[in-house]
Amino acid sequence: MPDLLIELFSEEIPASMQAKAADDLKGLVTNGLVNAGLTYESAGAFATPRRLALTVHGLNTRSPDIREEKKGPRTDAPAGAIQGFLRGAGLDDIAKARVVSDPKKGDFYVADLVKPGRAAETIIAELMPQVIRSFPWPKSQRWGSGSLTWVRPLHSIVCTFGPETEEPVVIDFEVEGIRSGNVTYGHRFLAPEAIKVKRFADYVEKLEKANVVLDPARRREIILADARNLAFAAGLELVEDEGLLNEVAGLVEWPVVLMGAFDAAFLDVPDEVIRATIRANQKCFVLRDPKTGRLANRFILTSNMAATDGGATIIAGNERVIRARLSDAKFFWDGDLAIPLETLVPKLEGITFHEKLGSQGDRVRRVVALARDIAPLVGADADKAARAALLAKADLLTGVVGEFPEVQGLMGRYYATHAGEDAAVAAAIEEHWKPQGPSDRVPAAPVSIAVALADKLDTLTGFWAIDEKPTGSKDPFALRRAALGVIRIILDNGVRLPLSAYASKTPDLLNFFADRLKVQLREQGTRFDLVDAVFALGGQDDLLLIVKRVEALGALLATDDGKNLLAGYKRAANILKAEEKKGTTVADAVDASLFKEAEEKTLAAAIETAAQAAHDAVDAENFEGAMKALATLRAPVDAFFDKVLVNDADERVRANRLALLTVLRNACHQVADFSKIEG
């Protein structure tokens, strides 16, 4: 079957847009082909700085004929109706329609219509201009006098189609004066000549000869392997950086990896600042000395040129820029060390945190009070927690953090340590920002825990109070991340923290925590309905205990006794709901003298025993024990429903049996609201 090759060749596409653009091209084209009735075996999309490419293998040469029946009027319908049917069906004679008999509706006309399929070339020629004109670039531009917008000026289009055994054809179409063809171009400097291509394999091979590696995954592999080898040869280790690797692979079509150096005197600057400087300004990797564990005065750069001088000029140019940037970083670092962190705190008064929540100074005072309050709950020294909270935001005013915001907190730790602050205080200044994401580590030291929780709870309660809550996909203040941070800190460290004490004025904040907890537990394989069942009890504000309840509930429902107890509960709850809706009388209490069946007596006794055992276990926070106590009800509940008719003719007996079911329901609700559990 034929293959389709498409290339859209342009000026440089920003590295950050390439992967999504390749996916978008693949989706728009393949979806368009399928919608037009074509099928294909596989498709692959690729991107380099100057091109988007797509290959579609095993594409049908023609869309199938579409057959459909068009139902018409009855055979005895007026002539006008029949003529209208003929026009709508495209028939010139009623004899070309079939007559179908229906026992109820009588005889009526049916036209058998066939919509002929179309050649793949025709479909593609119509589809591609639409794809190009509607391409969803995050940012695009117009050039010249045309109306086409593209991320950068579009120069040429390749579009070939055909089987491997034959010469492919060029599918002809035009977009703003750019006519499709079979000509592309190699590396801008190393091989800029025009290249005539046929199909995908031929295209990849010829691009490679013209110094273009089409596949971004292969460019990444080349860069990483060569960087590791250069580092190893120098007795150093590459500090790997997946984000940077993806970025530099999107900046080059022919990756050439080189090593440069900088003055060792700059190693007085913290490693993180050196790395941030070199990464941000020159997109270079840094190297570590395995003997010291610190950075070496070397860096790895990725060039888009195979230079005749072995890259000496390119290395020298990068070294000059990095020297200048590191000089700036050292200037900021030395200047920051000369200013005690504490002296920067008053200046936070002049920085607005939020117009409705005051300044950063106001925020610091709130966090200090919260940290002091939380400290005893997590085993932290209250004075140290308050001190760390006071200094936690001061590094926002330092030169290094002003230049590199990503090292906030870390620099505060350096400056606090330099000033002789307690080690726990210095650590908390860095760690109060954590965790920043699902892969980030969670603070574990007591003072760090207290300040991190205080900072995140202040953020959440503050924005909730001014009704700035996340909506849909919008979360400009990262409140979801803050809530997940609180949850991870609490669960990872086994912290007992009554959230309602900090959200008393914003009760729906607890619901937000419940939703975030469901997300967190779902990622760990826990059912969200179990979280709902526990939260539905009300008054649940201790996340650690909630998770323990959920885990115990999940363990119970994984057993046959648990599954059958749930089924019995639901049956009882449904009966009660139906009878309460009808206004049926339910006794206020169970009267043993009204029992007529042995199974009633057995169930009542079992509930009394199990309910007391579950109550005692819950009080002791032994939720597994509470679940085991309820599991003993499985057999008597089964026997009750097998032998006992709840809706007895005697009204008093019926009311008493409904009261027994109410006691069963209440016993289960000591550990969770079983009505929220699916299944």
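Biologist: At roughly what angle do the axes of H14 and helix H16 (residues 508-523) cross?
Modeller: This is a predicted model, and in it the axes of H14 and H16 come within 10 Å of each other. H14 passes H16 in a right-handed crossing, and the angle at which the two axes cross is roughly 125 degrees.

Biologist: Which residues make the contact between H14 and H16?
Modeller: From H14, the contact is made by Leu457, Leu460, Thr461 and Trp464. On the side of H16, the residues that take part are Asp508, Leu509, Phe512 and Phe513.

Biologist: Where does Pro435 lie, and is the peptide bond from Lys434 to Pro435 cis or trans?
Modeller: Pro435 lies in the loop between helix H13 (423-431) and helix H14 (446-465), and Lys434 has its place in the loop between H13 and H14 as well. Most peptide bonds are trans. The bond from Lys434 to Pro435, however, has omega near -5 degrees and is cis.

Biologist: Is Lys434 buried or exposed?
Modeller: Setting aside residues up to four places away in sequence, Lys434 touches Asp440, Arg441, Pro443, Ala452, Lys456 and Ile489. Its relative accessibility is 15%, and since the cut-off for a buried residue is under 20%, Lys434 counts as buried.

Biologist: What is the phi of Ala478, and where does Ala478 lie?
Modeller: Ala478 lies in the loop between H14 and helix H15 (479-493), and at 24% relative accessibility it counts as partly exposed. Most residues other than glycine have a negative phi. Ala478 is not a glycine, yet its phi is positive, near 55 degrees.

Biologist: Where is Glu621 found, and what is its phi?
Modeller: Glu621 is found in the loop between H20 and helix H21 (623-631), where it is partly exposed, with a relative accessible area of 33%. Although Glu621 is not a glycine, its phi is positive, at about 60 degrees.

Biologist: Is H20 roughly parallel or antiparallel to H22?
Modeller: Helix H20 (residues 598-619) and helix H22 (residues 634-643) pack with their axes 9 Å apart, at an angle of about 155 degrees. Because angles over 145 degrees count as roughly antiparallel, H20 is roughly antiparallel to H22.

Biologist: Which residues make the contact between H20 and H22?
Modeller: H20 passes H22 in a left-handed crossing. The residues of H20 in this contact are Glu599, Glu600, Thr602, Leu603 and Ala606, and those of H22 are Pro636, Val637, Ala639, Phe640 and Lys643.

Biologist: How is H15 placed relative to H18, roughly parallel or perpendicular?
Modeller: H15 and helix H18 (residues 543-557) pack with their axes 9 Å apart and at an angle of about 70 degrees. Where they meet, H15 brings Ile487, Ile490 and Leu491, and H18 brings Leu543, Leu544 and Val547. As angles of 65 to 115 degrees count as roughly perpendicular, H15 is roughly perpendicular to H18.

Biologist: With which side chain does the side chain of Ser359 make a polar contact?
Modeller: Ser359 is found in strand S18 (residues 358-359) and is buried, with a relative accessible area of 8%. A polar atom of its side chain lies 3.2 Å from the backbone nitrogen of Gly361. The side-chain partner, at 3.5 Å, is Glu349.

Biologist: How many Å apart in space are Pro129 and Asp532, C-alpha to C-alpha?
Modeller: Pro129 has its place in helix H3 (residues 120-133) and is buried, with a relative accessible area of 15%. Leaving out residues up to four places away in sequence, Pro129 touches Ile124, Phe173, Glu174 and Val175. Pro129 and Asp532 are 403 residues apart in sequence, and their C-alpha atoms are separated in space by 50 Å.

Methods:
Residues numbered from 1 in each chain as written. Predicted model: local features only at pLDDT ≥ 70, side-chain atom pairs only at ≥ 80, totals over all residues. Heavy atoms only, no water. Axes fitted to C-alpha atoms, helices over the stretch in contact; angles between N-to-C directions. Helix = DSSP H or I, 4+ residues; strand = E, 2+ residues; numbered from the N terminus. Parallel < 35°, antiparallel > 145°, perpendicular 65-115°, else oblique. Left-handed = near helix turned anticlockwise from the far one by under 90°. Contact = heavy atoms within 4.5 Å. Buried < 20%, exposed > 50% of the residue type's maximum accessible area, 1.4 Å probe, protein only. Polar contact = N/O pair within 3.5 Å; in protein donor to acceptor, adjacent residues only side chain to side chain.
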